[in-house]
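This report goes through one protein structure, from its inside spaces to a few single residues. Keep the sequence and the 3D view open while reading.

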Amino acid sequence: MRTLHTTATNWLNMIPKDLTTLKRTLDNIKDPLFRYFEREVNTGYQLLNTIREDLNHIVLVCESQRKPTNYLRNLMSDLVKGILPSNWRRYTVPKGLTVLQWNLNIWLGGMFVPEAYITATRQFVAQANNWSLEELALEVTIANGPDDRLTIDDCSFGIKGLRLQGAQCLDNKLELTATISTDLIEPGTIHSGEGKVTLPVYLNQTRTELLFTVDMATRGEAAGREHRFYERGVAFLASSLSG
């Protein structure tokens, strides 16, 4: 109980006390990206309130100022074992993820509904240019390194934190490699275009949640033999979390 009291108190000091929600206007409510991030922020706001309320109740129970309910008993049992409580699972994570791993900072893979972000970018570009969604194609441009700065135009969006498994990317072309995975450090851009091989983008290393697919050109010995990328299981990961 003393350990749990210390842990709950430390977590309460670490996480924000409040989260400012987005303000709607007649103009921004028409924006698909605003509507997406509004849902994300509102979900985060509700989750933060749940976590803070649960932790505050746990502190009171440990101080004998509150009687434990069945919900709090189960919650405390999960936290003592390092298990992520079911009521805190508001977005998809690997099944065996511990409560400590759950606190990692991630980008696309850390969103509550990451696939909806990609949909919102498509809607934004289509709406801004008076195009239909069927006219759009997804293309990813990957920087070669920290010194390679990409230009992001009005139809492009930067993404951080992607990892590439089973291949490496140079000059925005894929080639097979013995390296298990490669960090894609710099933000890429998403815009219309065509590619040579279609690769999946998974939420995390479990590969159970497919977010979307991207088309990439190939190079090296695998150029023209795209089936080798599929045989090797080459894929992008939005998060390095695993079960």
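## Cavities

A cavity is a set of grid points where a 1.4 Å probe fits but cannot get out. Its volume is the space filled by probe spheres set on those points. The structure discussed here is a predicted model. A search of the whole structure finds two cavities of 30 Å³ or more.

The second largest cavity has a volume of about 40 Å³. It is lined by 10 residues, and those closest to its centre are Thr92, Val93, Gly109, Asn204 and Leu241. Sorted by class, the lining of this second largest cavity consists of six nonpolar residues and four polar ones, with no charged residues.

## The chain as a whole

The protein chain has five helices and seven strands. Read from the N terminus, the order of its elements is α-α-α-α-β-β-β-β-β-β-α-β.

The protein chain has 243 residues, of which 41% are buried. Its accessible surface comes to about 13900 Å², and carbon and sulfur atoms account for 49% of that surface. Among contacts in the chain with a separation of 6 or more, 66% are between residues 24 or more positions apart.

## Nonpolar cores

The largest nonpolar core has 34 residues, and Leu108, Val214 and Met216 have the most contacts inside it. The elements that give two or more residues to this core are the helices α2 (32-62) and α4 (114-129) and the strands β2 (163-170), β3 (173-183), β5 (197-202) and β6 (210-218). The element that gives the most is α4, with six residues. There is also a second, separate core of 23 residues, which includes Leu12, Leu47, Leu84 and Leu97.

What does leucine 108 touch, not counting residues up to four places away in sequence? The residues are Pro114, Tyr117, Ile159, Lys160, Leu162, Leu211, Phe212 and Ala238.

## A residue in helix α4

Threonine 121 lies in helix α4. Is threonine 121 buried or exposed? Its relative accessible area is 3%, and the cut-off for buried is under 20%, so threonine 121 counts as buried. Leaving aside neighbours within four places in sequence, threonine 121 is in contact with Leu33 and Phe157.

## Two residues with positive phi

Most residues other than glycine have a negative phi. Asparagine 130 is not a glycine, yet its phi is positive, at about 55°. Asparagine 130 is found in the loop between α4 and β1 (139-141). With a relative accessible area of 73%, asparagine 130 is exposed, because the cut-off for exposed is over 50%.

Arginine 207 also has a positive phi, near 60°, and is a residue other than glycine. The place of arginine 207 is in the loop between β5 and β6. Its relative accessibility is 29%, so arginine 207 counts as partly exposed.

## Threonine 206

Where is threonine 206? It is in the loop between β5 and β6. Threonine 206 has a relative accessible area of 30% and is partly exposed. Along the chain, threonine 206 and serine 239 are 33 residues apart, while their C-alpha atoms are separated by 9.9 Å.

Technical notes: Residues numbered from 1 in each chain as written. Predicted model: local features only at pLDDT ≥ 70, side-chain atom pairs only at ≥ 80, totals over all residues. Heavy atoms only, no water. Core = buried A, V, L, I, M, F, W, Y, C linked by side-chain atoms within 4.5 Å. Buried < 20%, exposed > 50% of the residue type's maximum accessible area, 1.4 Å probe, protein only. Helix = DSSP H or I, 4+ residues; strand = E, 2+ residues; numbered from the N terminus. Contact = heavy atoms within 4.5 Å. 1 Å grid on protein atoms, 1.4 Å probe; cavity = no way out; pocket = protein on both sides within 12 Å on 5 of 7 lines; lining within 4 Å. Nonpolar A, V, L, I, M, F, W, Y, C, P; charged D, E, K, R; others polar. Areas by Shrake-Rupley, 256 points an atom, 1.4 Å probe, with all protein chains shown as cover.
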